[in-house]
Amino acid sequence: MNILTKVTNFPDDISPVWAGDGSHLPEWFVSALKVPREEGYVEIDNAKVHYFRWGDRSKPKVLMTHGFLSHARCFAFIAPFLAEDYDVVAFDLAGMGDSEMRGQADPEARGREFVEIAEALNLFADGHKPTIVAHSFGSGAALTAVTQSPDRFSGVVICDLMVLRAEVLKQYWNQRRSSPGSGDPDKPKRSYASYEEARKRYVLSPPQPVGEPFLLDYMAYHSMRRCGDNWTWKFTPEVFRRSNKSEEWLTIGQRLVSTPGRKTIVHGAKSQLFTKDSADYIRELGGGDIPIIAVPEARHHLMLDQPLAFATALLSILHLWDNQEPRPSCR
């Protein structure tokens with residue numbers, strides 16, 4: 001009872017199930033979750049799409065999404081640092097987080113999700129062109145979105161997308177590791193008798209320690225839902241019903257370089273999926289004009305390792321781009 005009383009002083013995201021009395025949580029995290037935000041759903045193709053929104057609607061637009069089997073809360077403690085200067089939306093990809101599955105999970109459909117959510121939330125109003133910020137698998141989908149609709153976005157910040165030379169990627173696969181999006185769509189989700197049991201099954205891909213363990217607890221809790229007396233995962237197995245051809249990942253470097261518009265790459269300095277050699281590879285492919293920023297001491301899940309440094313990098317990129325392109329006038 002005392003725990004519940006203490007935690008009620010925190011934002012709703014901070015549940016005693018994962019946070020206990022919350023005494024170990026840093027002030028910056030609690031303060032970030034207290035920044036005013038809108039949470040809601042829009043209906044697209046008869047399916048609900050879950051989103052968060054921060055900031056002033058008259059400000060430049062930023063559209064954020066997550067990696068495979070993750071959810072928008074990976075930006076819930078990052079976006080508030082952008083909210084003073086931007087109108088920020090973070091959304092759950094179809095079939096993940098709190099968004100319902102709709103249509104197919106193929107790459108083209110994933111790309112269309114960005115325009116669909118932006119249109120539904122009126123992000124293109126008054127000539128605004130949102131900037132996309134996406135992590136991992138979401139970054140690949142973002143490249144597709146910008147290729148499909150090059151005139152609708154102002155640029156894309158690619159956060160630790162898996163970009164490896166063909167020989168390095170094949171070696172990675174030989175270690176029995178899978179690419180983002182891999183899985184069996186016909187395998188039912190498991191159900192667990194307790195949160196503690198389910199929590200033990202929550203692991204990152206690729207596996208890594210995290211710089212801020214409480215953020216892993218936060219992400220794990222919001223990746224699950226109660227089902228009667230049990231706990232299960234929020235995502236639907238239908239997200240695995242995609243070809244996920246090896247060619248998709250063997251050519252991702254060329255795709256990144258050839259995608260139109262402004263691009264910046266942000267990656268963990270200790271990432272397994274975007275390394276110093278990956279940066280050299282991008283330059284060899286003709287991407288010498290693409291800024292590449294390494295976040296010190298961060299791995300692939302850089303928002304869980306170095307959240308404040310990651311937020312600073314994003315804010316710096318957005319401010320730099322603001323100064324390079326006139327903002328659309330607001331009516």
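1. Ser271 is buried, with a relative accessible area of 6%; buried means under 20% relative accessible area, exposed over 50%, and partly exposed in between (1.4 Å probe, protein chains only). This serine sits in the loop between strand S10 (263-268) and helix H11 (276-284). Helices (H or I, at least four residues) and strands (E, at least two) are DSSP runs, numbered from the N terminus.

2. A word on the basis: this is a predicted model, where local features need pLDDT of at least 70, side-chain atom pairs count only at pLDDT 80 or more, and totals for chains, interfaces and linings use all residues. Residues are numbered from 1 along each chain as its sequence is written, and side-chain values use heavy atoms, with hydrogens and water left out.

3. What does Ser271 touch? Setting aside neighbours within four places in sequence, Ser271 is in contact (heavy atoms within 4.5 Å) with Asp160, Ala298, Arg299 and His300. The Ser271 side chain also reaches the backbone nitrogen of Leu273 at 3.0 Å and that of Phe274 at 3.2 Å.

4. Gly183 is partly exposed, with a relative accessible area of 43%. Gly183 belongs to the loop between helix H6 (166-174) and strand S7 (191-192).

5. On confidence, the protein averages a pLDDT (the predictor's confidence in each residue, from 0 to 100) of 91, and 93% of the residues score at least 70. Over residues 1-8, however, pLDDT is below 50, and over residues 326-331 it stays under 50. Where pLDDT is low, the predicted coordinates should not be read in detail.

Terms used. A polar contact is a pair of N or O atoms within 3.5 Å; within protein, one must be able to donate a hydrogen and the other to accept it, and residues adjacent in sequence count only if both atoms are side-chain atoms.
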